[in-house]
Amino acid sequence: TIAILNFIQKVKKEVSNNTAHIEIDSTNIVIDDSVNLKGDFKITDGIKDSKDQLIEDLLKQKSKIKILFLASNSLNYNPLRLDKEMREIEMELIKAKYRDNFDFIKFSAVRIKDLQDALLNYSPNFVHFAGHGSSEGIALLDNDSDAKRIVKSEPLANLFKLFSNDISAVFLNSCFSKEQGSLIRKFIPNVIGMRNSVPDKTAIEFASTFYKGIGSGREISFSFELAKNSIDLNNIQGSNIPVLL
């Protein structure tokens, strides 16, 4: 044990701050910012960098890429065509080049507690929210009724922080979601939001084309631009609304 500690102390002096981070205390040896030798996850506060080869790396893994689709259409708002959005995304993934590499997990009428449950039970790589939103947060259903409940931006970001070891991308297909996305981006490397109010048709076209790109093995930045282009190709208004944070 003494020899190992001496070796680590030597390595600690030699490596730069831009490579591995090694920290020694009286109880644990922690290597990098995510896991220690006891197997405990360590949640970081730093802003995560986006990865140019995220989809390529995920496709190389043996497990499927899990996309968690969460839809919430509260009675307090005009209804959205969330069923159509879900169906269009699913069809694009079914016919995609890498269709066997994706697992599309979908939930409707999502309550606040359902959000935590889904993240715990499925450990998704992508989280896609479809529904209403405002500059304050996203609208889910109350746990005991169908009334709207706004999940505010900071608690939402802190929830995704807890699952930042699993989640690679968050897609908030809701109005004014750039506000929440900017906070989530501190902990999740790829976040898509909306600058302001987004029409139903625009939201559906953008989302389905984005996953068409992802399903073909294209990276997030490419798929984002492809989806914006599809809005323009189909002469739909609002290609300037989506934002990749």
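A: One term before we start: two residues are in contact when heavy atoms of theirs lie within 4.5 Å. This is a predicted model, where local features need pLDDT of at least 70, side-chain atom pairs count only at pLDDT 80 or more, and totals for chains, interfaces and linings use all residues. Residues are numbered from 1 along each chain as its sequence is written, and side-chain values use heavy atoms, with hydrogens and water left out.

Q: Where does Gln-237 lie?
A: Helices (H or I, at least four residues) and strands (E, at least two) are DSSP runs, numbered from the N terminus. Gln-237 sits in the loop between helix 8 (220-233) and strand 12 (242-244).

Q: Is Gln-237 buried or exposed?
A: Look at relative accessible area: under 20% is buried, over 50% exposed, and in between partly exposed (1.4 Å probe, protein chains only). Gln-237 has 62%, so it counts as exposed.

Q: And Val-243, buried or exposed?
A: Val-243 lies in strand 12, and its relative accessible area is 9%, so it's buried. Leaving aside neighbours within four places in sequence, Val-243 is in contact with Lys-178, Val-191, Ile-192, Gly-193, Met-194, Arg-195 and Phe-224. Its C-alpha is also 9.3 Å from that of Gly-181, 62 residues away along the chain.

Q: How do I read the way helix 7 and helix 8 pack?
A: Angles under 35 degrees are roughly parallel, over 145 roughly antiparallel, 65 to 115 roughly perpendicular, and the rest oblique. Helix 7 (residues 200-215) and helix 8 pack at about 140°, with axes 8 Å apart, which means helix 7 is oblique to helix 8. Residues of helix 7 at this contact include Thr-202, Phe-206 and Phe-210, while those of helix 8 include Ile-220, Phe-224 and Ile-231.

Q: How does helix 3 cross helix 7?
A: The axes of helix 3 (residues 82-94) and helix 7 come within 8 Å and cross at roughly 20°, so helix 3 is roughly parallel to helix 7. Among the residues meeting here are Glu-88 and Ile-89 in helix 3, and Ala-207 and Tyr-211 in helix 7.

Q: What about the largest nonpolar core?
A: In soluble globular proteins, nonpolar side chains tend to be buried together. A nonpolar core is a set of buried Ala, Val, Leu, Ile, Met, Phe, Trp, Tyr and Cys residues joined through side-chain atoms within 4.5 Å. The largest one here has 34 residues, and those with the most contacts inside it are Phe-126, Phe-171, Phe-206, Phe-210, Tyr-211 and Ile-220. Helix 7 gives the largest share of this core, six residues. A second, separate core of 24 residues includes Ala-118, Val-151, Ile-167 and Val-170.

Q: Which residues of helix 5 are buried?
A: In helix 5 (residues 153-162), they are Ser-153, Leu-156, Ala-157, Leu-159, Phe-160 and Lys-161. The elements they pack against include helix 4 (112-122), strand 9 (148-152) and helix 6 (178-184).

How values were computed. Axes are lines fitted to C-alpha atoms, for helices over the stretch in contact, and angles run from 0 to 180 degrees between N-to-C directions.
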